[in-house]
Amino acid sequence: MPRRVLARTMGVIAAVTVALTAAPLGGTAEAQSAESGTLSFSGGTGEPISGGQSYAYAAGAVQLFDVQGSQDENSLTVAVDADESTRWRLIIAAPDGQKLTEGTTYTGAKQWPYAQPADPELQFSGTDNGTDKWCNTNSGSFTIEHVAFGPYGYVRELDATYEQYCNGSTVPLSGEVHAVMPEPPAELTLGMTTDPNGTVDVRDGHITVGGTVTCNKPASVSLTGQVFQVQNNGTPGASYSATVACTPGAPVPWSVSLTSQEPDTSFRPGTATMRGKARADDRDYPVTVDTGQQESEVTLSKV
């Protein structure tokens with residue numbers, strides 16, 4: 001199993017889980033249901049995975065038909081769950097540092113961890129009616145007839161064939177996969193503003209400041225920053241953090257209440273400086289988005 005293959009293949013079946021957790025895996029996008037697709041495979045008598053049978057599955061007629069790609073477009077996983085007891089995973093990868101390329105046949109593929117950096121990688125395994133189907137070692141080849149990637153390795157379309165020799169068998173498993181996935185989700189964008197006006201309680205220097213956040217799709221947004229005020233006899237300052245449940249459509253307000261964390265200082269009416277940024281994980285892609293550090297002035301008024 002290639003170390004850069006998708007984390008979401010973990011936990012599918014016990015035998016597969018062992019291999020997947022043995023290598024550091026990258027992040028992945030949310031699972032998507034294919035708009036259309038088929039996965040088929042067969043093998044002759046004595047082939048360990050197929051048991052000499054033919055299998056075919058179609059998107060829309062199974063619980064899950066998903067194709068996931070790595071961010072660097074080096075590898076992908078096809079996941080098909082016919083039901084709770086029948087699940088199949090096809091994992092393929094180009095040699096380290098290379099992208100999967102349309103029109104290319106990758107020969108001499110090996111199963112992780114036996115593959116070398118220059119080797120392509122291939123693994124087809126699953127559970128058939130509750131029985132694990134797994135190769136301790138395998139070799140083979142695959143052809144990428146067509147592949148189209150979207151953001152962060154999102155697989156939009158795939159046509160591929162594969163051939164695997166399991167546990168030294170001379171009888172191959174042969175199969176093919178065709179998939180059209182939904183259009184890629186929008187990439188997360190964030191905005192953050194600070195309110196130019198805040199308040200200060202002159203009795204204890206307690207201030208309240210805030211602003212708004214915006215997003216193009218739902219996100220849990222973390223806000224972090226500092227507020228400080230230069231005075232003749234000191235510089236009161238405080239750090240803040242907050243979490244905002246952002247939804248698209250309108251700016252979502254946020255506010256924090258602070259007191260100076262510097263000894264023997266307190267905020268007063270007048271101008272203060274706010275620094276901060278917003279960040280959130282994109283729920284559809286393995287990426288964290290942030291606004292970058294922003295700085296603005298805020299007028300603290302007495303309450």
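Q: Which residues does Ala 245 touch, not counting residues up to four places away in sequence?
A: With those left out, Ala 245 touches Ala 219 and Val 252. Contact here means heavy atoms within 4.5 Å. This is a predicted model, in which local features need pLDDT of at least 70 and side-chain atom pairs count only at pLDDT 80 or more, while totals for chains, interfaces and linings use all residues. Residues are numbered from 1 along each chain as its sequence is written, and side-chain values use heavy atoms, with hydrogens and water left out.

Q: Why is Ala 245 called exposed?
A: A residue is exposed over 50% relative accessible area, buried under 20%, and partly exposed in between (1.4 Å probe, protein chains only). Ala 245 has 65%, so the word exposed applies.

Q: Where is Ala 245 found?
A: Ala 245 is in strand E16, residues 237-246. Strands (E, at least two residues) are DSSP runs, as are helices (H or I, at least four), and both are numbered from the N terminus. Ala 245 and Val 221 are 24 residues apart in sequence, and their C-alpha atoms are 6.3 Å apart in space.

Q: How many aromatic pairs does a search of the whole structure find?
A: Rings of Phe, Tyr and Trp (its six-membered ring) pair if their centres lie within 6.5 Å; planes under 30 degrees apart are stacked, over 60 edge-to-face, and the rest tilted. The search finds 10 such pairs.

Q: Why is the pair of Phe 124 and Tyr 162 called stacked?
A: Their ring centres are 5.5 Å apart and their planes are at 20°, so the pair is stacked. Phe 124 lies in strand E7 (residues 121-128) and Tyr 162 in strand E10 (residues 155-166), so that the pair links parts of the chain 38 residues apart. Both Phe 124 and Tyr 162 are buried.

Q: What makes the aromatic pair of Tyr 154 and Tyr 285 edge-to-face?
A: The angle between the planes is 75°, with 6.5 Å from centre to centre; the angle is over 60, so the pair is edge-to-face. This pair also links distant parts of the chain, 131 residues apart: Tyr 154 is in the loop between strand E9 (138-149) and E10, and Tyr 285 is in the loop between strand E18 (270-281) and strand E19 (288-290).

Q: How do you know that Tyr 154 and Tyr 285 are buried?
A: Tyr 154 has a relative accessible area of 7% and is therefore buried. Tyr 285 has 2%, so Tyr 285 is buried as well.

Q: What makes Glu 47 a residue without a salt bridge?
A: A salt bridge is a side-chain nitrogen of Lys or Arg within 4 Å of a carboxyl oxygen of Asp or Glu. Lys and Arg count as positive, Asp and Glu as negative, and His and the chain ends are not counted. For Glu 47 the nearest side chain of opposite charge, Lys 133, is 7.9 Å away, so Glu 47 has no salt bridge, although it is buried. Glu 47 touches Gly 52, Cys 166, Val 171, Pro 172 and Leu 173, not counting residues up to four places away in sequence.

Q: Why do Asp 284 and Lys 217 count as a salt bridge?
A: Their side chains meet at 2.8 Å, N to O, which is within 4 Å, so the pair counts. Asp 284 is in the loop between E18 and E19, and Lys 217 is in the loop between strand E14 (206-215) and strand E15 (219-228), 67 residues apart.

Q: Are Asp 284 and Lys 217 buried or exposed, and how do you know?
A: Asp 284, at 12% relative accessible area, is buried, and Lys 217, at 7%, is buried too.

Q: How do you know that Glu 295 forms a salt bridge with Arg 275?
A: Their closest N and O atoms are 2.7 Å apart. Glu 295 is in strand E20 (residues 294-302) and Arg 275 in strand E18, so the pair ties together parts 20 residues apart in sequence. Glu 295 is at 53% relative accessibility and so counts as exposed, while Arg 275, at 32%, counts as partly exposed.

Q: Which residues have the most contacts inside the largest nonpolar core?
A: A nonpolar core is a set of buried Ala, Val, Leu, Ile, Met, Phe, Trp, Tyr and Cys residues joined through side-chain atoms within 4.5 Å. The largest has 38 residues, and Phe 124, Phe 142, Leu 158 and Tyr 162 have the most contacts inside it. E10 gives the largest share of this core, five residues.
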